[in-house]
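Please study the sequence and the structure before reading the solutions.

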Amino acid sequence: MTTTHHDALTDVAGVRVGHATRTDDGHLTGTTVVLAPEGGAVTAVDVRGGGPGTRETDALDPRNLVQRIEAIVLTGGSAYGLDSASGVMAWLEEHGRGVPVGGPGHVVPVVPAACVFDLGRGGDWRARPDAATGRAAVAAAAATQPCSPVREGNVGAGTGALVGRLRGGIGTASAVLGSGITVSVLVVANAAGSALDPATGALYGEFFEGRGPVTYPSPASHEAAAKRIADAEATNGPAPLSEPARPSPAPPQPPLNTTLAVVATDADLSRAQAQKVAGTAHDGIARAVRPVHLLNDGDTVFALATGARPLDATDPLALNEILAAGADLVTRAIVRAVRAAESVHGPGGTYLSYSDLYGPRQTTPRRMTATRDGHS
């Protein structure tokens, strides 16, 4: 595989991404829209978390009627945030994009959506994305130029994200395969599990990126990071609505999280093939986060195929390179999301980022000598 121009979801021609980020009036949340080329794209979904929040995912079953989708919505705000899809639906109708159901202009936009839990994380519990947020995100996507770079970190649906004890966010990655097919990924990293090896401070996903030896933080920096996280957690926890003060440490609460992903390709896939791509891409989450697919996760992966490049009809296993690439890119996108995140100090608490705790990624990793426990 070779990296494409922007190393982003938009490296698949015709796919656009727009973020609407809310950090005003107590908000720390947002919505991200993936806009397909006009006319839509073959789309599928695979849900493996035990607590998903979704909309219109049944329409993507290969046995059902709708063949092509114009947009996918990823949003914060838990189930409340799914209202943002209404704004996207209204925008698509105004632009004549959707499933034709009658005369000219008579369309019903089918807008699959999935949400992450970010309520009260640095912001007010009741400050959530709504239909206006979704409209702003799809309008932002439509306003971008083809193959534009995609902003990462705490934007859009990743604004209030956490991965375990660290800040999560938006990450993206892409590659061109040997066949010339492009595969790209965008993730909202917001997992109940951890992206961090507790023994070393290294990110799990970096062991699987294929980018050379992993750089481990020094023992002193790892110890200092652990102390900072513990100090922050001692003052975090559910607060009274709209009240920032926490006079005493709150008891630990079970995390309510979700990792979302969109895997896009310019390959010409059937809906059944696209569903297989979505399912295999979950392997990429499992390489970067431990544990994964818990009852309090809502892990959901969408696959989107624009159909610009045919698969090799003479090779019954031609789909395999797309399956493998999708999982690999999900892992890399989660690493990028965690590294791009920023610490937040707000009324909902203090949540620290990996880069704040451990510094930027080293450009020349040092090789490590394995010891009996596998670390050095």
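## Exercises with solutions

**Exercise 1.** Which residues lie nearest the centre of the second largest pocket, and how is its lining made up by class?

*Solution.* The model is a predicted one, in which local features need pLDDT of at least 70, side-chain atom pairs count only at pLDDT 80 or more, and totals for chains, interfaces and linings use all residues. Residues are numbered from 1 along each chain as its sequence is written, and side-chain values use heavy atoms, without hydrogens and water.

Step 1. The second largest pocket is lined by 13 residues, and Arg165, Ser194, Leu196, Pro198 and Ile229 lie nearest its centre. A pocket is an open set of points on a 1 Å grid over the protein atoms alone, where a 1.4 Å probe fits, with protein on both sides within 12 Å along at least five of seven lines; lining residues have an atom within 4 Å of a point.

Step 2. Eight nonpolar, three polar and two charged residues form the lining. Here Ala, Val, Leu, Ile, Met, Phe, Trp, Tyr, Cys and Pro count as nonpolar, Asp, Glu, Lys and Arg as charged, and the others, Gly among them, as polar.

Step 3. Helix α3 (residues 219–233) gives the largest share of this lining, three residues. Helices are DSSP runs of H or I with at least four residues, and strands are runs of E with at least two, numbered from the N terminus.

**Exercise 2.** Determine the strand order of the open sheet of five strands and its edge strands.

*Solution.* Step 1. The order is β1-β2-β5-β8-β4, with mixed pairing; two strands pair if DSSP finds at least two bridges between them.

Step 1. At the edges stand β1 (16–22) and β4 (54–55), each pairing on one side only.

Step 2. The pairing of β4 with β8 (residues 113–115) is antiparallel, over two bridges. Arginine 55 has alanine 113 in β8 as its bridge partner.

**Exercise 3.** Is leucine 74 buried or exposed, and which residues does leucine 74 touch?

*Solution.* Step 1. Leucine 74 belongs to strand β5 (residues 71–75).

Step 1. Its relative accessible area is 0%, so leucine 74 is buried (under 20% relative accessible area, with a 1.4 Å probe and protein chains only).

Step 2. Leaving out residues up to four places away in sequence, leucine 74 touches Thr31, Thr32, Ala114, Ala157, Leu186, Val188, Leu260, Val262 and Phe302; contact means heavy atoms within 4.5 Å.

Step 3. Valine 262 is 188 residues from leucine 74 in sequence, yet 9.1 Å away in space, C-alpha to C-alpha.

Definitions and conventions: Buried means under 20% relative accessible area, exposed over 50%, partly exposed in between (1.4 Å probe, protein chains only).
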